[in-house]
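User: I have a structure open and would like to go through its features with you. Please start with the aromatic contacts.

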Amino acid sequence: MQECLDSVLDQSFRDIEVIAVNDRSPDRCGEIVDEYAKADERVRALHLPENVGLGRARNAGMEIARGDYLFFLDSDDTLTPDSLQLIADRLEQTSDPDVLIFDYARTFWWGGETRNSLASVFKTEGPEVFTAKQRPEFLTLIMVVWNKVYRREFVEQRGFEFPPGYYEDTPWTFPVLMAAERIAALDHVVVHYRQRRQGNILRTVSRKHFDIFDQYDRVFAFIDSDPALDEWRAKLFTKMIDHFIAILAKSNRVPEELRSEFFDRAHRHFRRYVPAGYVRPEGHTGVRHALIARGAYPVYQTLKVANKGRRQVRKTVRATRKKVAAKRMDRHYEAALKQPVDQNLAVYSAYWGRGYVCNPAALHAKAKEIAPHIKGVVVAKQEEVKKLPPGTDYVVPGTPRYWEVMARAKYFFNNVNFEDRFVKRPGTVHVQTQHGTPLKTMGIHLLPHPVAAKGTNFRKLLERSDRWDYCISSNRFSSEIWERAFPCSFAPLESGYPRNDVFYTSTAADVRRIREELGIPRGKTAVLYAPTHRDYTTSYVPQLDVARLADALGEDFVVLMRGHHFYERTAKLRALQDSARVIDVTSHTSSEELQLAADVLLADYSSIMFDYANLDRPIVIYANDWEAYKISRGVYFDVTEEPPGHVARTQNELHDIFVSGAWRDDRSDALRDTFRRKFCEYDDGRAAERVIRQIMLGESAGKPPVLPLDERTPAPSPEAAEVRNTETPVVGHTAAA
């Protein structure tokens with residue numbers, strides 16, 4: 001909430017009243033709004049006697065509002081700088097319309113930003129002041145309350161208010177736009193719509209999604225109240241049925257056992273509100289309209305299955321086309337290879353194009369800072385593009401530009417390997433950044449472990465590794481293993497891991513911000529559970545009952561569940577969210593942020609333990625299947641004999657370690673100190689700088705020199721960060737600004 005309120009109060013346009021509504025949130029929302037009201041006379045704190053939900057909280061704010069215009073802003077979201085001044089100017093230019101519509105951008109927890117995909121609507125031709133009938137394209141925008149401001153007198157005269165329940169914006173937005181006689185638009189991003197990893201109430205599986213039927217009853221009751229509005233009936237009917245279909249299509253809305261009932265309710269609404277002369281849409285959407293009209297849920301389900309079959313056929317066709325396209329791309333790549341190498345071009349890739357993560361991302365950021373003459377291009381799959389930092393140049397694997405960049409760049413940074421057909425040109429520099437200190441066997445050391453090797457072609461693996469000029473390590477232990485596991489001609493680059501720099505450069509404010517974004521309640525001890533992949537199974541097999549662990553830990557703890565990315569979409573992982581004290585952070589882009597947010601790491605055999613040790617916070621090892629793991633995968637040392645903290649072999653032992661407080665006792669500290677001195681040898685917060693200075697700037701190795709362990713200062717723990725905090729965490733709703 002603080003970030004939201006700050007974005008409003010720091011606006012250049014000062015003539016505002018801010019009504020901060022505390023909807024009896026179970027956190028410290030009330031204290032926050034009181035602090036702001038005391039510090040700024042423009043803020044009025046409104047404390048509701050009980051929790052009434054977002055819609056009624058907005059109504060309460062409206063009742064005491066005295067401004068000329070109403071602006072509803074949710075506490076997760078923020079205003080862009082100077083946007084209120086732009087709104088005020090536009091209102092004056094258009095002679096105070098009933099409604100002003102503006103644009104928004106989605107902002108992501110990793111810092112990415114994506115403007116509304118329908119922003120082109122604002123550039124369509126038409127009168128500057130209009131009715132919804134004159135410019136119906138504006139009804140294609142997201143039907144939410146917060147991308148508009150409303151003339152208060154207009155709202156009061158028409159008696160508009162928010163209903164209770166889910167989808168409360170629907171019976172507000174449609175009637176308001178239908179009733180408004182003067183609408184204007186502002187082609188500017190005003191709201192940053194925060195996309196949390198979790199926490200969106202509409203993504204919660206619940207019967208409350210049935211509220212949508214009551215909300216459309218209200219919409220059509222409004223149409224029935226005025227014969228002049230009857231012309232809207234057909235358009236709103238189509239939107240209603242499309243909305244029902246969209247809710248049914250999402251697996252995280254209506255419970256499986258209630259989907260048939262939901263479909264039946266949709267059928268009844270179809271029959272009740274179908275307008276005279278209704279013509280169903282074309283294509284698959286029209287087919288679904290027809291099935292809802294008939295109430296044919298079994299056929300609807302069959303259609304879904306049939307569509308899966310058709311998708312498989314299309315998949316085969318696409319594969320054939322892909323082979324043909326690959327041949328054309330080969331010719332494009334061969335032509336690009338004949339052009340000179342660009343001495344000021346660098347490529348950064350992580351996990352086969354999984355976006356802006358790990359060591360390559362940290363190196364890209366540092367190169368922008370100290371080697372800005374080198375143009376950096378990030379390899380990102382299409383679905384990862386929206387997560388990239390604003391302004392990041394990128395290429396999508398397999399595209400013509402990708403192959404052109406790959407053919408001409410001088411510098412390459414990757415934490416895995418590029419594809420086989422990639423050619424290393426003379427004079428280019430390849431840096432293998434790696435993505436963890438190895439506990440499990442790697443490279444040719446996998447030869448005796450066929451279960452883990454899974455048919456690896458070791459000849460091709462070594463050919464790919466022959467491209468490396470340098471291989472990064474964070475300790476001498478790793479350097480020795482990389483040289484043996486990949487017997488190639490690269491030179492060790494003992495710089496430390498760039499991705500771990502953040503553990504020494506982050507501040508108390510950073511720690512607080514990350515915990516807030518993850519939804520960790522203030523004062524709770526956060527346990528980050530990050531299990532690794534098991535090679536002896538092909539699917540996710542839970543080693544730990546996480547919900548049971550959360551119950552054993554009690555109310556003072558919260559568990560952050562970080563599933564391996566191989567399993568991030570499994571139902572078993574999603575089911576963990578049923579526990580109130582378990583937060584599923586599997587999809588969170590930055591592992592480093594999760595570690596900064598955690599008070600203690602619960603690991604098994606994942607390399608995350610080596611990274612987390614930099615923070616000098618407690619680590620507990622859960623080694624219930626150690627024997628099976630080391631036999632199937634192979635390991636370089638026995639982590640149960642040289643652990644970074646206490647080791648549990650059973651879940652009951654694990655519970656005892658936490659309940660007794662042993663997880664942070666003197667023995668835990670001593671084990672961690674020994675572990676850190678061995679495995680955090682080169683990590684001191686300046687690893688990325690050492691790499692860029694040596695590789696791109698041609699400076700001698702080892703500059704800047706590595707700080708001794710005892711002279712390093714890790715980021716403050718969450719407990720220390722809270723002690724330093726003079727502000728209250730951001731929570732709750734902000735309504736009617």
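Analyst: F610 and F679 are both buried, where buried denotes under 20% relative accessible area, exposed over 50% and partly exposed in between, with a 1.4 Å probe and protein chains only. The model is predicted: local features need pLDDT of at least 70, side-chain atom pairs count only at pLDDT 80 or more, and totals for chains, interfaces and linings use all residues. Residues are numbered from 1 along each chain as its sequence is written, and side-chain values use heavy atoms, with hydrogens and water left out.

User: How many aromatic pairs does a search of the whole structure find?

Analyst: The search finds 49. Rings of Phe, Tyr and Trp (its six-membered ring) pair if their centres lie within 6.5 Å; planes under 30 degrees apart count as stacked, over 60 as edge-to-face and the rest as tilted. Y166 and Y167 form an edge-to-face pair, 6.3 Å centre to centre with 70° between the planes.

User: Are Y166 and Y167 buried or exposed?

Analyst: Both Y166 and Y167 are buried. F610 and F679 also form an edge-to-face pair, at 4.8 Å centre to centre and 70° between the planes. F610 lies in helix α22 (residues 608-612) and F679 in helix α25 (residues 666-679), so this pair ties together parts 69 residues apart in sequence. Helices (H or I, at least four residues) and strands (E, at least two) are DSSP runs, numbered from the N terminus.

User: Which residues form one aromatic cluster?

Analyst: The cluster consists of F72, Y150, F154, F160, F162, W172 and F222.

User: Changing topic: what is the strand order in the open sheet of 7 strands?

Analyst: The order is β11-β10-β9-β12-β13-β14-β15, with parallel pairing; two strands pair if DSSP finds at least two bridges between them. β11 (394-395) and β15 (491-493) stand at the edges with a single partner strand each, so one side of each has no neighbour in the sheet.

User: How many bridges join β9 to β12?

Analyst: Strand β9 (residues 342-349) is joined to strand β12 (residues 409-414) by 5 bridges, and the two run parallel. S349 has N414 in β12 as its bridge partner.

User: And how many disulfides are there?

Analyst: The search of the whole structure finds 0 disulfides, a disulfide being a pair of cysteine sulfur atoms within 2.5 Å.

User: Why do C4 and C29 count as buried?

Analyst: C4 counts as buried because its relative accessibility is 1%. C29 does so because its value is 0%.
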